[in-house]
Amino acid sequence: MPESVSLEMGGRTLVIETGELAKQANGSALVRYGDQDVVLCAVTASDKPREGIDFFPLTCDFEEKMYAAGKIPGGYIKREGRPSEHAVLSSRQIDRPIRPLFPDGFRNDVQVVATVLSTDPLLDPDVLGVCAAGAALAVSDIPFEKTVAAVRVGRDETGNYVINPRLPEYETGGMEIVVAGTADAVMMVEGSAREVAEEDFLGAVEFAHDNIKKIVAAIDELAKKAGKPKREYPVLHVNSDLDQWVHKMFASEVASAMRIVEKGERNAAFDRIKRDEAISRLGDSAPDLRALLEDPKNPDFEKIIKAMQEEELRTMVVDEKRRPDGRKPDEIREIWSKVGYVPRVHGSAIFTRGQTQVFTAATLGSISDAQRVDVLLDSGNKRYMHYYNFPPYSVGETRPMRGPGRREIGHGNLAERALVPVLPKEEDFPYTLRLVSEILESNGSSSMASVCGSTLALMDAGVPIKEHVAGVAMGLILKDQRYTILTDIQGLEDALGEMDFKVAGTKDGITAVQMDIKVAGVTTEIMREAMAQAKQSRLFIIEKLKETIAGPREQLSKFAPRMMILQINPDKIKDVIGPGGKVINKIIADTGVKIDIEDDGRVYITSVDGEAGEKAREIVESLTKDVVVGETYLGTVTRLMNFGAFVAILPGKEGLVHISQLAPTRIERVEDAVKIGDEIMVKVVEIDDKGRINLSRKAVLGGTSGNGESDFIARRPPPRDRTAGGPTRMRRRRRPE
């Protein structure tokens with residue numbers, strides 16, 4: 001029987017159990033939440049450390065199985081393939097809070113696999129994956145310092161915080177924030193909001209952490225009952241004698257290099273501090289140290305130099321209040337930007353902040369261009385997409401160009417979240433929007449630069465977004481019990497510092513956040529100070545954006561498609577589409593437009609050519625227009641019969657002109673008045689109970705009939721009286737059905 005613990009969380013029961021599934025893994029845990037959500041996580045570690053590396057080889061995977069939501073994957077291939085964007089983001093949410101909590105120097109390969117076995121399509125299971133990973137590590141024999149858990153926070157209609165809201169509540173409360181942490185501190189924050197105040201955001205974080213403590217306590221209780229003793233894994237430490245010698249020999253050079261303002265020159269100075277130079281300086285005086293330096297699998301020298309760089313950065317920033325590029329802690333790098341940078345795209349912008357530069361292009365498309373999302377959650381199609389590309393030349397490197405990695409997907413999603421709250425509603429601006437940010441130079445904060453570039457590109461495209469959105473990345477440098485918060489961190493400060501806290505928003509509030517740390521957590525006091533500093537920086541950057549473009553352009557680019565919206569009776573949709581799509585495909589072929597029809601009768605006509613769009617609109621209107629008795633129409637003769645002519649008065653609408661109604665005077669043959677293909681004016685005189693339309697040409701030409709009653713009926717002789725010897729029944733011509 002499995003061991004389990006349970007607690008109430010957000011109005012549902014959270015059950016965490018272990019000991020029944022995946023028992024060959026180092027540790028496993030099953031999390032059940034409510035009556036539908038089940039996530040299994042298994043963690044494994046290699047027996048031996050990987051040699052010759054100076055990083056911790058951790059891999060986290062969040063496996064979305066479509067069976068969990070009772071779905072079969074769409075498309076030709078019915079087996080799950082590469083992870084969805086949501087799965088990649090969820091994997092990152094597991095990785096980021098647990099990575100700093102493994103022992104320093106631990107180099108065994110560790111793999112964390114969280115699999116969604118069952119899910120409520122309206123409840124995101126990603127936070128359950130973090131909880132399951134924290135529980136699996138806690139009960140495993142893998143060394144792990146503190147238990148981790150996560151929750152999502154939203155708000156209800158009254159503004160009260162809600163734990164693990166369902167998808168509809170995201171919109172209701174205007175907030176959706178994921179917080180992960182230990183019993184002592186917050187480890188990770190990520191989410192979006194509709195321009196919330198800093199204090200409201202911090203209140204959500206504190207509320208989340210209070211609930212995280214309860215989950216951590218339950219996991220710790222489970223670990224006491226069913227946890228394995230922690231195995232003795234080798235933890236690689238640097239040789240102390242080598243550490244002392246390198247500090248003595250290279251301390252002044254590291255300090256000098258750290259104070260070089262220009263990134264390229266600083267990197268070149270660091271590159272000169274190489275292993276070969278150390279071997280040359282050591283000579284034959286210390287054979288044991290020389291053997292360590294000459295061993296290519298021993299990374300001690302590089303680790304010592306990096307530690308020296310971190311120490312020097314702490315001294316500069318915390319003690320001297322001076323940053324490597326000469327800025328003050330709260331100073332932003334020089335900013336310049338341009339819009340309309342290239343001619344053919346619908347909107348474009350360049351945003352440059354220091355040595356970080358991004359080009360963003362905005363493209364407008366029809367409703368049918370929206371991204372179809374085939375995932376576990378019932379999130380619908382995406383009409384706004386943001387993609388972030390990080391080519392190697394942006395950091396002066398050469399490497400193969402491949403598809404987007406997890407970092408690119410994460411940064412693109414963050415920029416996307418930042419802009420969504422200010423986008424116009426679909427009914428007001430029914431376009432699909434695709435933004436692509438190309439990072440041309442990178443020296444820190446490139447994701448926040450793409451937020452700024454996206455704002456400019458959208459406004460340049462004429463998209464009526466509500467406000468300017470800007471973003472800035474905040475850093476943290478710790479030294480003993482003292483710390484300094486940095487504004488607009490550069491690459492070196494990100495790599496060697498303890499925090500990367502990205503905050504995006506408008507002048508009125510926050511729209512997106514992402515916080516990653518490299519220590520065992522940060523307090524809400526540090527977060528409060530960082531957010532206050534970020535707000536001042538954000539307002540400063542917004543003013544810079546306004547200098548470039550004050551608001552959205554009044555007109556769309558001449559290359560952007562124009563959209564027309566018609567509302568038709570849903571019952572008429574079949575008339576526009578036609579059998580097998582014949583009618584709508586002909587309209588598209590004849591006019592070159594795109595046509596999208598919603599189930600509620602909304603028809604979207606998209607065309608770059610305004611004349612073509614107008615022509616398509618007229619056709620759709622004529623297809624859905626109702627025939628009205630008493631109205632006159634220009635019709636085309638389609639068929640001739642011996643009793644009259646059939647005339648098409650609207651697309652798909654055909655009526656009969658009886659031979660008696662074809663001319664003001666009597667005619668013997670239909671062919672004497674009209675022939676197939678003739679265009680004639682006719683008046684609708686009757687629509688019978690079967691929907692058949694009777695027309696009159698005589699009424700238009702000024703004949704004696706056309707009084708609103710079909711002459712075919714009016715001139716029909718009445719039955720003769722049987723007593724007078726007349727016929728007992730009258731022979732009537734039948735009109736074809």
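A residue counts as buried when its relative accessible area is under 20%. That cut-off is needed at several stops of this tour, which runs through a predicted model.

**Whole chain**

Begin with the entire chain in view. Its 737 residues include 53% that count as buried. The C-alpha atoms occupy a box of roughly 140 × 65 × 50 Å along the principal axes. The radius of gyration of the chain is 36 Å, whereas a compact globule of 737 residues would have one near 27 Å. Colouring by secondary structure brings out 18 helices and 27 strands. If contacts are drawn between residues at least 6 apart in sequence, 70% of them join residues at least 24 apart.

Select residues 126-139, which form helix H2. How many of the 14 residues of H2 are buried? The count is 14 of the 14, so H2 is largely enclosed by the rest of the structure. From first C-alpha to last, H2 reaches 20 Å, close to the 20 Å expected at 1.5 Å a residue.

The structure contains two cavities of 30 Å³ or more. For the second largest cavity, select Pro2, Glu17, Thr18, Gly19, Glu20, Leu21, Ser28, Ala29, Leu30 and Leu40, which line it. The space inside the second largest cavity is about 50 Å³. Which strands each supply at least two residues of its lining? They are strand E2 (12-18) and strand E3 (27-33). E3 gives the most to this lining, with three residues. Coloured by class, the lining of the second largest cavity shows five nonpolar, three polar and two charged residues.

Select Ser445, which lies in the loop between strand E15 (432-441) and H11. Most residues other than glycine have a negative phi. Ser445, although not a glycine, has a positive phi of about 65°. Ser445 is buried because its relative accessible area, 10%, falls under the 20% cut-off.

Continue to Ser447, in helix H11 (residues 446-460). Ser447 has a relative accessible area of 1% and is therefore buried. Which residues is Ser447 in contact with, leaving aside its neighbours within four places in sequence? Show Tyr388, His411, Leu414 and Lys502 to display these contacts.

**The loop at Asp480**

Finish at Asp480, in the loop between strand E16 (470-479) and strand E17 (482-487). Asp480 has a positive phi of about 60° and is not a glycine. Is Asp480 buried or exposed? With a relative accessible area of 68%, Asp480 is exposed, since exposed means over 50%.

Terms used: Residues are numbered from 1 along each chain as its sequence is written. This is a predicted model: local features need pLDDT of at least 70, side-chain atom pairs count only at pLDDT 80 or more; totals for chains, interfaces and linings use all residues. Side-chain values use heavy atoms; hydrogens and water are left out. On a 1 Å grid over the protein atoms alone, a cavity is a set of points where a 1.4 Å probe fits but cannot get out, and a pocket is an open set with protein on both sides within 12 Å along at least five of seven lines; lining residues have an atom within 4 Å of a point. Grid points are joined across faces, edges and corners, and a volume is the space filled by probe spheres set on the points. Helices (H or I, at least four residues) and strands (E, at least two) are DSSP runs, numbered from the N terminus. Ala, Val, Leu, Ile, Met, Phe, Trp, Tyr, Cys and Pro count as nonpolar, Asp, Glu, Lys and Arg as charged, and the others, Gly among them, as polar. The radius of gyration is taken over C-alpha atoms; the globule rule is 2.2 Å times the number of residues to the power 0.38. Buried means under 20% relative accessible area, exposed over 50%, partly exposed in between (1.4 Å probe, protein chains only). Contact means heavy atoms within 4.5 Å. The expected span of a helix is 1.5 Å times one less than its number of residues.
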